Amino acid sequence: MSLRKYGTNILIYAFLILSFVVFTFPFFLLIVNSFKDNGEIMRDPFSLPQTYDLDQFFGVIKAMDFATTFTNTFFITFMSVLLILVFSGMTAHYLVRNSSLFNNTFFAIMVASMIIPFQALMIPIIYIYGAKFGLIDTAPISLLIGLYVGFGASFATFVYHGFIKSIPLELEEAALIDGCNRIQTYFRIVFPMLTPTSVTIAILNVLWIWNDYLLPSLIIYNEDDLTMPIKMKVFNGTYMDNWELLIPAMLMTILPILVAYLIGQKFIIKGVMQGAIK
Amino acid sequence: MIAEKNPVKRLGNQLFFTGPTFFAFIMTLLVPFGYGLYLTLFEMAGVQSTPVFVGLENYVMALQDTEFWASMWVTLKYVGATVIFVNILGFALAYLVTAGVKGQNFFRTALFTPNLIGGLVLGYIWQFVFVTSLPVFGERFDIEILKLGWLGDEVLAFWALVIVTIWQSAGYMMIIFIAGIMNVPKDIIEASTIDGANAWQRLINMTLPMMVPSFVVTIFLTLKGAFMVYDINYALTQGGPYGSTKMASMHVVGLAFDQSNFGLGQAEAIVLFAVVAIATGLQVYFSKRLEVEA
């Protein structure tokens, strides 16, 4: 290796390590300060904790009703993402294989709709589903999942559409001749081939729905139905600047996603990259 | 193209395959959007009150609402700053983690991590960073700029929002750029190396022009995200100090749910939509013209 190349590599590392520190120090702060009391946090937020006391942690978990909140968020995210994957994949498949004026126009409208800000829809949504149909009072969770399916449909259908176009039609024709009907053809032949795409769409939708605040805050009012971001907001309002309680709560809020990411990181980075190529 | 001869069967399949998505899409986006346009013609104080028809008065009021236009101006500045810095940093990082140094996968994984945190918690975490942590750090190493309370100063609070946004989204854009860089054909890079181009010339003359499709995507995503930002704004600065960092989305949400002014709030939301539509439309139109074939 030439001296010059050596110098370049040192510069690259210097920049990357600096970025690494900047991109991860808030996580470091969350972890070390989770074990400290207010006095210790204020004296030095950057120091390691003197004791690793888990009692405080369990206190916070109990106060923020972690088990219930986690279950709610998990259920809403899981159901929404599952339905988005199943419905949007089917729709994209049909739109690719049966182009008609109606289908093409509808697809164009769906793609265009991605630039509508949520703020332009929230008031009518509350009017329609709150005042008119009363679903916000009677079935908030189902309503929320349904809305996520609607909001997520455009992007998922768009990404699936791009990939289904590259699947040879002959494969499906062969299955149809062999006696599969269209539904079987889709679920047995096409859907399995879309797995990498489904992973990409699932990851992006999980990150969005898990962390979403504004929509659930307008729909969910029942204390037992709250999701993690809303609970965090309530917690933040109650314990203003009381960092010894807020920091463990914040850590617990992001921990499930963080753990899932660390387990599946290779898969996830690859998935996001694949989604980007389209 | 697969087409069934039997029209009943054909309708059945169309309904089965597209029905659920179309229904959800119509009920979530089309109906509320149409109804939202209709609502702007009324004056309403909350969900329970009786709407009064006022014609286009809400739009007239929206145009005269100086607070709204002030928030739109903050939004535009924020959009400009984040689109530029997120894309520059995202591309720089992607370029460095594809240069072939050891451990580049580790850096890719680590730099993407901020993307996992949602806007609200993100805002709270950085509140801790700006309010409690950085001043301690600044005192210890005598760094003047870090000693200040960033969130209490109008200019610094705005830049705090920009910094947190860059911190969160640069890693995501980096991944999109990596995909783009890996798609640049190796042979043209090799050919230019043989022809005597240095690394800088290769970047400017070969890689960057081939990356335009990636930039179309990343600029679209950052533009759209920045115009619609709410969570970070709400959690980090609450629009303060003195409303100086309140952006359009937050202004609209406040108008609707704190002041129960649904008609005006909806009209301003439609104006926001028009601004986003124009900005993203222009961006896609102009950047498509820059694309080159390999």
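Good morning. I begin with helix 6 of chain A, whose buried residues are A:Gln119, A:Ala120, A:Leu121, A:Met122, A:Ile123, A:Pro124, A:Ile125, A:Tyr127 and A:Tyr129. Please keep in mind that this model is predicted.

What do these buried residues pack against? Within chain A, their partners are helix 7 (135-138), helix 8 (140-164) and helix 12 (214-219), and from chain B come helix 1, helix 12 and helix 13. The length of helix 6 of chain A can also be checked: at 1.5 Å a residue, its 14 residues should span 20 Å, and the end C-alpha atoms are 20 Å apart, which agrees. Just after this helix, A:Gly134 takes a positive phi of about 70°.

Let us turn to the contact between the chains. Chain B contributes 78 residues and chain A contributes 80 residues. On the side of chain B that touches chain A, the largest share, 19 residues, comes from helix 1 of chain B. That side divides into 56 nonpolar residues, 19 polar and three charged.

Next, the nonpolar core. The largest one holds 149 residues, and those touching the most other members are A:Met250, B:Val121, B:Leu122, B:Ile125, B:Val164 and B:Met174. Helix 7 of chain B gives the most to this core, with 16 residues. Leaving aside residues up to four places away in sequence, A:Met250 touches A:Leu30, A:Met232, B:Val121, B:Tyr124 and B:Ile125.

Finally, I come to helix 10 of chain B. Its buried residues include B:Phe215, B:Val217, B:Leu223 and B:Phe227. With 16 residues at 1.5 Å a residue, helix 10 of chain B should span 22 Å, and its end C-alpha atoms are 22 Å apart, in agreement. Thank you.

How values were computed: Residues numbered from 1 in each chain as written. Chains lettered and ligands numbered in written order. Predicted model: local features only at pLDDT ≥ 70, side-chain atom pairs only at ≥ 80, totals over all residues. Contact = placed C-beta atoms within 7 Å. Helix = DSSP H or I, 4+ residues; strand = E, 2+ residues; numbered from the N terminus. Nonpolar A, V, L, I, M, F, W, Y, C, P; charged D, E, K, R; others polar. Core = buried A, V, L, I, M, F, W, Y, C linked by C-beta atoms within 7 Å. Buried ≥ 20, exposed ≤ 12 C-beta atoms within 10 Å, placed from the backbone. Expected span 1.5 Å × (residues − 1).
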